[in-house]
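Reader: I have a structure open and would like to talk it through. Can you take a few questions?

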Amino acid sequence: KIIDVIGQIGFDPGTEWGSGSISTADNTIRRKTEVGIGDSVGTDVFVPSLEWDGFAIDTFDGLGSAVLPVELTSFTAKSTKAGVMLNWTTATEVNNYGFQVESRKDKGESEWEKVGFVEGHGNSNSPKEYSFFDNSGATSYRLKQVDFNGNYEYSDVVTVSSVLTKTELYQNSPNPFNPSTKISFSLAETGRVNVSVYNVIGQKVAELVNQTMESGIHNVDFNASNLTSGLYIYRLETPNYSKTMKMLLIK
C-alpha cells in the first residue's frame, strides 16, 4: 500500500520537478501546514507548488511544524441521573474527520456498539473540547478517531466514574410540561420493572414500561397529548422498590 509519494512514478522530469524556489533541485521543500495526508496516487502529475512550500537549501528550522497528530489529552465519563456525560480534549489535530463514540454494557463480554458521532475540527494546533451525552445504560466507552481518508485509531477505554448503588425514581423533566416529558430512573440490579401514570383519582392513564430491564440508568418518554391539563402521578415499581412522584401538565 502506498502511503506517500514525492514525484511521479514512471516519469522523468529531467533535472527537477517544479521551478524556482519550489522545486526539487537545490531547495528545501516542506508540505503546507493545511495538507494533512500524503499523496497515495504515485502516477498522478506532481506539481510541488500545489502542496509544498519552498525554502533555501538545508533549511531545518520549523521542520515538522506541519505534523499535527490528533493528540487526545483527556477522556472522562461521568454518570448523572439522566445518563452518562462524556468529555474529551485534544491538544492538536490534523485531518480529523471526527470521533465515533462506542459503548458496551459490561466489562468485556458484549460487543462494542456505535452510539453517536461528533465532528472534529479538521486541522488545529490549539486545544479543542468535545462532549457527548449517552443514556443507553452502558458502563464502558471508547472513541474511534477517524481521518478524512478513512484511517482510524481507538482511544483508551473509560468506565463510568460513579457506579449506581441503588434504585431510584427521579423528577420528570421538563415539569410542568406540554405535551411531552421524560421520566428517568436508575436500577441497582436487573429485574422486572413497571412504570405507570395515574390521574389524581387513581385511574391508570398510561403504562410506559412493563418488562425486565438491566441495571443502569433508563429514560422513558411520556406523551400526554390526549390528556387534559392537571396533576398526574407516575409510579416506579420493582420487586424491591416502589415510589411515586407528581408532575403537572399545562396546556
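Reader: Among contacts between residues at least 6 apart in sequence, what share joins residues at least 24 apart?
Author: In the protein chain that share is 59%, where contact means heavy atoms within 4.5 Å. This is a predicted model, in which local features need pLDDT of at least 70, side-chain atom pairs count only at pLDDT 80 or more, and totals for chains, interfaces and linings use all residues. Residues are numbered from 1 along each chain as its sequence is written, and side-chain values use heavy atoms, with hydrogens and water left out.

Reader: How many helices and strands does the chain have?
Author: One helix and 19 strands. These are DSSP runs, numbered from the N terminus: helices are H or I with at least four residues, strands E with at least two.

Reader: Which strands form the open sheet with β6?
Author: The order is β5-β6-β9, with antiparallel pairing; two strands pair if DSSP finds at least two bridges between them. β5 (72-79) and β9 (128-134) each have a single partner strand, so one side of each lacks a neighbour in the sheet.

Reader: How many bridges join β5 and β6?
Author: Seven. Ala-77 stands opposite Leu-86 in β6.

Reader: Other topic. Is Thr-89 buried or exposed?
Author: Thr-89, in strand β6, is buried, with a relative accessible area of 18%. Buried means under 20%, exposed over 50% and partly exposed in between, using a 1.4 Å probe and protein chains only.

Reader: What is Thr-89 in contact with, neighbours within four places aside?
Author: Its contacts include Leu-72, Thr-73, Lys-128 and Glu-129.
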